Amino acid sequence: MRFAPVALTLALLSPLSSSFFLPHPPLQNPTFLPAKTIVSKDPSTSSVQITITATEAQTKEAYDRVITDASKTLEIPGFRKGSKIPANVVESVMEKGGRGGKEFLKKQALKTLIASVVEPALKDEEGLDPIGEPRLIQNEDILVQMFTPDEEIQLEVKCDVWPEVAWKATDSGKAYDGLEASYTRKPFNQAKMDEALKDLKDRQASLAPKSGDSPSLEMNDACVVNMVGFLAKEDGSKGEPLPNAASGDQVDIIMETGKYMAGLVEGLVGAKINDTKEIKVTFPENLRDPNLKGKSAVFDVTVLSVDTRTLPEINDEFANAVRPGMTSEDLLSEVKKAVDAEDAREFVGARNKALEGSLSERIEMVIPETLVKMQAKEKFAVMLTEMRDNGTPDAEIKKLVSPENFEKYVDISRDGITRDLKASLAVEEIAREENIRIDPQEIEEQLSNIKKEMKEQGETDMDESATRGKIEATLQRNYVMDLLAERAKLDVKYEEQEEFDEKLMNQLMEQQIELEEKAAGERAAAVAQAAEDIENK
Ligand SMILES: *[C@@H]1O[C@H](CO)[C@@H](O)[C@H](O)[C@H]1NC(C)=O
């Protein structure tokens, strides 16, 4: 059994937005809006191709910025470090230092320019959400040749954009209703159900004085008694009186075995009204009171009444008495649900996975390659981190980080990633459509639980607003999945699971969570490193 890495799950759940865009602040002085045309939106790849003319001011500003950045890293005789150095000086120093000179600077400026003009154009004017960095369609070398600060330049780029959820057409109702999914879980606990029903009947049982001249108690009758208790001596005779709590007046007793201390009910069989019986009992082992548990005692029990009990049938009348307006069918289904609640919770993960698979087939959506790769990078890094945690030497892991291996990994995991992303975007969309809002108080409660846990573990470092966002996303997802489950056609297979040691399982799970938390920290670094290595190769 495996548990999904927490961080990854959260990453999938948190709204992935344009924050993937590298932080390039927009250029300051666009003298006029650039002339630009969206050449085409390509729904089959969730990308757009855009032709955009950067203004004279923008090319100048981009180049100036690169010069300023470069001069910060250079030490040039005659200039104080950090002071403004003229462009031609920087250019010649870069040239002499074998750092590519003006060509290199122009190339950098072009990158800066693209990053800073494309995003605002897409976002502000087209309402599109770009993902990843825009890619040049033109030949970069030629464009670098053409790039002149203070002169316009026409750029043609392609950029992936955030996909829109499009539901497949359905005959009736909402596209995400009536999902068909199947999963396997452990059998329904019928014994527990029977017990619950019996308990319900017991509580509604009607009592009546037993008929006859001098009726005596039989099993399944009821009675009211006064009881006075004593600890039993070695020979079974009465010893010290028991504390008051163990004795009592007007005690209701149902004549069923297993309900009270062993021997009591059995000792009452045959007793009549006004009889006082001396009954030997044994206190149960699981009693709280250490002075009494497992001990033998003797009770003087005086019978005050002898009654018959009539258990009700579970029918509509009975249901109505439990709660006005309820039918027996409602009652049985509610009891069933309550009895199964704990067991069902164990399999919510399996249920959700099945639902997500089915959900991802109800949407028409192209997951852009950039998104797949981003997700794959993260998963790849998780895998590498897990390998390291499992003792694989760093040198071995480094060998795995190659563009070829990463491509292979992307291919292997593409289907799963696509399915997960689709489901996760669909869930967000459903939350919007169904107007599912999370009560802020619920979020605060969970947040304070997490804080408490962290404090217990001696950790204090937490990005509160990010955590709040994750909690909200998780809760929202849970609500959506429950809603989908309610409306789904679930085919649940009840199968006996292999016996397992629950305590051991819990222990393993805790260890796993601990590892994941630790790994989450290292993962950020690993992702960055892996991504960099892949891109630089
Ligand atoms: C039980 O005892 C009480 C008090 O002595 C008496 O009033 C009552 O009639 C007795 N009941 C029976 C059924 O013997």
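Let's start with Glu356 and Arg477: their side chains meet in a salt bridge, 2.5 Å from N to O. By salt bridge I mean a side-chain nitrogen of Lys or Arg within 4 Å of a carboxyl oxygen of Asp or Glu. This pair links distant parts of the chain, 121 residues apart: Glu356 sits in helix 10 (residues 348-360), Arg477 in helix 15. Helices are DSSP runs of H or I, at least four residues, and strands are E runs of at least two, numbered from the N terminus.

Glu356 is buried at 15% relative accessibility. Arg477 is buried too, at 17%. Buried means under 20% relative accessible area, exposed over 50%, partly exposed in between, with a 1.4 Å probe and protein chains only.

A word on the source. This is a predicted model, where local features need pLDDT of at least 70, side-chain atom pairs count only at pLDDT 80 or more, and totals for chains, interfaces and linings use all residues. Residues are numbered from 1 along each chain as its sequence is written, and side-chain values use heavy atoms, leaving out hydrogens and water.

Back to helix 15. Arg487 forms a salt bridge with Asp177, closest N and O atoms 3.0 Å apart. Those two are 310 residues apart, with Asp177 in the loop between strand 5 (166-167) and strand 6 (180-185). Arg487 is partly exposed at 30%, and Asp177 at 24%.

Now a local pair. Glu464 bridges to Arg468 at 3.2 Å. They are four residues apart in helix 15, so about one helical turn separates them.

How many salt bridges does the whole structure hold? The search finds 34. Lys198, Asp202, Glu256, Lys259 and Arg309 are linked in a network of them.
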